[in-house]
Amino acid sequence: MATPVVTKTAWKLQEIVAHASNVSSLVLGKASGRLLATGGDDCCVNLWSINKPNCIMSLTGHTSPVESVRLNTPEELIVAGSQSGSIRIWDLEAAKILRTLMGHKANICSLDFHPYGEFVASGSQDTSIKLWDIRRKGCVFRYRGHSQAVRCLRFSPDGKWLASAADDHTVKLWDLTAGKMMSEFPGHTGPVNVVEFHPNEYLLASGSSDRTIRFWDLEKFQVVSCIEGEPGPVRSVLFNPDGCCLYSGCQDSLRVYGWEPERCFDVVLVNWGKVADLAICNDQLIGVAFSQSNVSSYVVDLTRVTRTGTVARDPVQDSQPLTEQSPNPSAPLRRIYERPSTTCSKPQRVKHNSESERRSPSSDDDRDERESRAEIQNAEDYNEIFQPKNSISRTPPRRSEPFPAPPEDDTATVKEAAKLSPAMDVQCPMPNLEVPAQPPVLTSTPAPKGEPTIIPAARNEPIGLKASDFLPAVKIPQQAELVDEDAMSQIRKGHDTMCVVLTSRHKNLDTVRAVWTTSDIKTSVDSAVAINDLSVVVDLLNIVNQKVSLWKLDLCTTVLPQIEKLLQSKYESYVQTGCTSLKLILQRFLPLITDILAAPPSVGVDISREERLHKCRLCYKQLKSISGLVKSKSSLSGRHGSAFRELHLLMAALD
């Protein structure tokens, strides 16, 4: 008798160790939903087939961590940008380096392939956007307009426009044929992390760290609607292929939105943490997330998800009743993209501005061949994915099958199956952690052993704790029965100590809150510093950082010594908070400090000016002390290194 299997809406598919060091970027192939590319701090790009444990191919050549990767639409080319500003393009079918592009002066934060022509767009922390001709190995155009790092680039479906999102809170639309900016879309109050074009209509969606998603009309160049109240910063969005809805990958959930009017159709709980990229294939949405060197993939069955017509009940915030809303019949129909039948018109060509943007000689190609390699690690999977595209097929192409959903309760299902049919071999597709054998090229940075020097802010289990630590040791597990009292006594170990720590922290926070209520922010910060507990300072700074108007010059004199301690902490969350506060101080007060210190002395007695001058001198002295620490940490790789390098650039005015 067969075991009944209950299908799930969302489930974890697989977890793999993708690199020898931390993963810094990844991307899913949008055409197949089965190809995954990861970039790591080990300077390599690895290719994987979803739900298979072994690496297909390892691409080398970069000399600094890979911070952005992108696949072209047919999944035949891959481009990767590094921390040093270099860009490399590989031909996956030929398994070799195709181009190396130089010209950016800082990290490559975003990349995208043109949907028809052989062009690549790149956005950098140097605030510039460059359009590259792959065939001629040169920069076609450079777009300037953003004032901070460009985090996302997307070509329009017809290939005529390029949308860019940046940390300066703006979205810009560029006309490729005219070589100029068409429109700017302000409105976000935080860095914009992602933009996405509607597959058919003249509509653009943008997601920001201010926890909002905005929809923009590309005919009238105005906002259509704004969705607020996301559970966290918006980092990945994707339109349904038919354009009926937008999927937003939120913290541990998938949300389905409409925009005219703005409404939430459905909310699906998925324990994927901070999802990095989304793709759709066979009515399944594939999501991937990474933490340190691990990459996890998840599946959502879209046939069980509401995509039109009904406003969903949020399972996390279940306070509003269900309401029915039909799509607005009076909503205007927008213009449809006109896709070219072959290739798009070539973007306007301009003269190169520097020698670094020219590529030339065949000697460079020879050097690329020597420095870059494409090592096939799994020939069988490689031939299955890439080689069939080169052969003439006389039968319809085989479509990939949907991923099967696991049973609701794997253990219970196995036991029930054993009772019903003892001879039956029951195999449940449970998520597993696969550790593939890493190629030799990936061992340049050894994997850390023991506890990490920096404790990550988000992790699945406490550092240094194992489940076996809470269970009594037994020599023969098969014959031993676990006694409830023994298990509880082990679990209670350290419980009282933890309760004392948390109670003390809660009491300290109540004290700071009471001071803030009766006095000003400066006094409350002084009280938090006097407690001599960095965790209380971090909690308070996380609140103050969200409201820039609270910052004053006298507050900086108190906070800067604490920031120096936070930057040296072993906790990642403390370092992040310290970097955020220091960046805010540098952007708002460093010009004021340098101007006041450089000003000639005043005639007469001006008490307020003397006080301001004293505060500026104190801040300057503290900033000089911190600058040495920032400079020493700017050589780190990954996210921390990027943050410290950005701070180092901002502190250049101190020299």
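Tutor: Buried means under 20% relative accessible area, exposed over 50%, and partly exposed in between (1.4 Å probe, protein chains only). This is a predicted model: local features need pLDDT of at least 70, side-chain atom pairs count only at pLDDT 80 or more, and totals for chains, interfaces and linings use all residues. Residues are numbered from 1 along each chain as its sequence is written, and side-chain values use heavy atoms, without hydrogens or water.

Student: How many salt bridges does the structure hold?

Tutor: A salt bridge is a side-chain nitrogen of Lys or Arg within 4 Å of a carboxyl oxygen of Asp or Glu. Counted in this way, the salt bridges of the structure number 12.

Student: What is the relative accessible area of E15?

Tutor: E15 forms a salt bridge with K12, and their closest N and O atoms are 2.7 Å apart. K12 counts as partly exposed because its relative accessibility is 27%. E15, in contrast, counts as buried because its relative accessible area is 13%.

Student: How many residues apart in sequence are the parts that E184 and K172 tie together?

Tutor: The side chains of E184 and K172 meet in a salt bridge, with 2.7 Å from N to O. E184 belongs to strand β17 (residues 180-185) and K172 to strand β16 (residues 171-175), so the parts that this pair ties together are separated in sequence by 12 residues.

Student: In which helix does D539, the salt-bridge partner of R505, lie?

Tutor: The closest N and O atoms of R505 and D539 are 2.8 Å apart in their salt bridge. The pair links distant parts of the chain, 34 residues apart, with R505 in helix α5 (residues 495-518) and D539 in helix α7 (residues 534-544). Helices (H or I, at least four residues) and strands (E, at least two) are DSSP runs numbered from the N terminus, and the helix that holds D539 is α7.

Student: How far apart in space are E118 and R135, C-alpha to C-alpha?

Tutor: E118 sits in the loop between β10 (108-113) and β11 (119-124), and counts as partly exposed because its relative accessibility is 41%. Contact means heavy atoms within 4.5 Å, and, leaving aside residues up to four places away in sequence, E118 touches W132, D133, I134 and R135. E118 and R135 are 17 residues apart in sequence, while their C-alpha to C-alpha distance is 6.9 Å.
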